[in-house]
Amino acid sequence: MDFLFVLIVGLLVTSGAYLMMSGHLVRFLYGLALFSNAANLAIFVSGGLSYGAPALIAEGEKAPLEPVANALPQALVLTAIVIGFGLTVFALALAKRAFASEGTALMDDMRSAEPRAED
Amino acid sequence: MLVAFPILTALGTAVFCFLMRDQRQGQMLASLGGALIQVALAVALLWTVTTSGPLSAQMGGWPAPFGITLVADTLSALLVLSTAIVLLCVVIFSLSEIEREQERLGYQALVHALVAGVMGAFLTGDIFNLYVWFEVLLISSFGLLVIGGGKAQLDGAVKYVGLNLIATLAFLTGVGLLYGATGTLNMADLNQAVSGRMTETAILASAGFLLFAYGAKSALFPVYFWLPASYHTPAAATSALFAALLTKVGVYSILRVFTLVFETDGTPLAPVLIVAGAITAVVGVLGAVTHREIRRILSYNIISSIGLLIMAIGIDTPLAITAAIFYLVHNMLVKAALFLHAGLVLKIKGSEEFDKVGGIYEQAPWIAVLFLVPALSLAGIPPLSGFWGKFLILRATIDLPSLALTVLVLVVSLLTIYSVARIWLEIFWKSDERGEGCAPAPALMVAPIVLLTILTVGIGLYPDLLYSWSDSAAAGIADPSTYISAVMEDPS
């Protein structure tokens, strides 16, 4: 099971890196979204996967009696998803504004902040 | 609970400023008041920590290592104080510089939210919480960078956002791997959990991810490109805040995590830090001698000083760590002063490019002198604070078996002098061919630069105080047992 997840993380990172290196702003952001999902999955796998063992404590007990899923990686991933969502939305809005002002989404041609010497 | 107050004050002030954003005066007072409270709190924190040892507080009443611990040792308290001073200066400057429209969009609220992230990063004892504070300061810096929305500003922001988000994801992955390998996120607890396991693949991989992430945040070679692409585009108050704080949070994280959590001795990490730092120092200063605009030159000077800092951290002798901490504080104050001064030049001359400005020394000699003092301090001329910082780093490199790094520090210092001398000659000394005068300098812009200049002269004339603090901070780094016991033992 772990192996499958590891494979998926690898796939997400390779496709993300491929998209990011294309030099197109929108593809870069898609690549970033894939990266962020890869990071979340990696946390999930490294925190230890378990099947069908919710982290619940029976009434009257102070600790779970049987082995349960670790709830902490889930909390970490949830935090990371929320933050990642906010950042992605900001990045998309920024990309739209930058496209409007630059007139291009090709990273090599976006040079307002650092004009080329010959310009 | 004193430990939590800098963060709470920053967040509270941000909320206040946001609510008052339509009332200019109310917002100004709230922002200024918040900054003054920060300075007072930081002085109290540093005084408490230096007299009675590290302070800690368990958030939500969960005992360590299960809950989130906030902890302040001398290093954290010293950086909190520098941050508070920079914040006060930037807020005063921004009252004059920032236009009404941008204030209405929540400029002051974003400044304090960014400082909340910085304070949180300096004070947290939990590595996932450190990630969260990085996000807080990152999202606030995004806002500050694009507010006003000029063409160059948006373009700079795209690069800044893209590259910083990659670093953030590397940080997150590193934390995930570390948790998987050790089962804890508390940095004091990690110290024991990681101890003796540095050769394990998962731990080394995690260290690699975190080094990449912090390296990118602190603008280390080869992942520094976002900094010169964006720092010269926003308002001067914003770039001064960024220059003084953002990269320094990255340096602080390397200093904290790669001494408390990971052992660098005998791993490939120490040579990586030294080599990356050395290359960064050279590449940065070479960039600084080629550009023809004040803030672009200063941006490359930031990169160069980051290189020296990381190199000193990599050398990792007690003297080198003391030197790094001393230089870090000096650099925060001086970089803020110089970036603010670039804003002042922009205000009185309408530009900061060599080809368009000149003659400030003739027309307003005091403004020129006000640039010269922090510039000489950056270059490391005695008796200013930069001299002691450079001197300590140089002294630390002399103890090494090879003198290559000593030569490198000297060459970098020489080129730094050349880079600031070019600004002096072109902007201030050269006469203005176009015969345009200076606009009057607003007092609110001059005052914070004067304050920071007095501090750099003060530290230079009387370095003992900052040296003794840096020394005790370095002792806390070399022997983390007091830090660990402050976190692990419940004070109540």
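Residues 126–416 of chain B are 78% helix and 0% strand, and the end C-alpha atoms of that stretch sit 37 Å apart. Helices here are DSSP runs of H or I with at least four residues, strands are runs of E with at least two, and both are numbered from the N terminus. The stretch comes from UniProt, where an unreviewed entry gives it as "domain: NADH:quinone oxidoreductase/Mrp antiporter transmembrane". UniProt positions follow the numbering used here, feature names are shortened, and annotations may be inferred rather than shown by experiment.

Ground rules. This is a predicted model, where local features need pLDDT of at least 70, side-chain atom pairs need 80 or more, and totals for chains, interfaces and linings use all residues. Residues count from 1 along each chain as written, chains are lettered from A and ligands numbered from 1 in written order, and side-chain values use heavy atoms, without hydrogens or water.

Now the interface. Chain A and chain B each put 34 residues into the contact (heavy atoms within 4.5 Å). The buried area is about 2800 Å², with 77% from carbon and sulfur atoms. That is accessible area (1.4 Å probe) lost on putting the two parts together, summed over both. Zero salt bridges cross between chain A and chain B. On chain A's side, α2 (25–46) and α3 (71–102) each supply at least two residues. α3(A) gives the most, with 14 residues.

On to salt bridges. The rule is a side-chain nitrogen of Lys or Arg within 4 Å of a carboxyl oxygen of Asp or Glu. Over all chains there are 11.

Take B:R256 and B:D73, which pair at 2.8 Å, N to O. B:R256 lies in helix α11 (residues 236–261) of chain B and B:D73 in the loop between β2 (69–72) and α3 (74–97) of chain B, so the pair ties together parts 183 residues apart in sequence. Buried or exposed, B:R256? Buried, with a relative accessible area of 3%. B:D73 is buried too, at 5%. The cut-offs: buried is under 20% relative accessible area, exposed over 50%, partly exposed in between (1.4 Å probe, protein chains only).

Next, B:E352 and B:R295, closest N and O atoms 2.9 Å apart. B:E352 is in the loop between α14 (318–349) and α15 (360–363) of chain B, and B:R295 in helix α13 (residues 294–315) of chain B, so parts 57 residues apart in sequence are tied together. B:E352 is buried at 5%, and B:R295 is buried at 2%.

Last, B:K356 and B:E353 meet at 3.7 Å, N to O. B:K356 is partly exposed at 41%.
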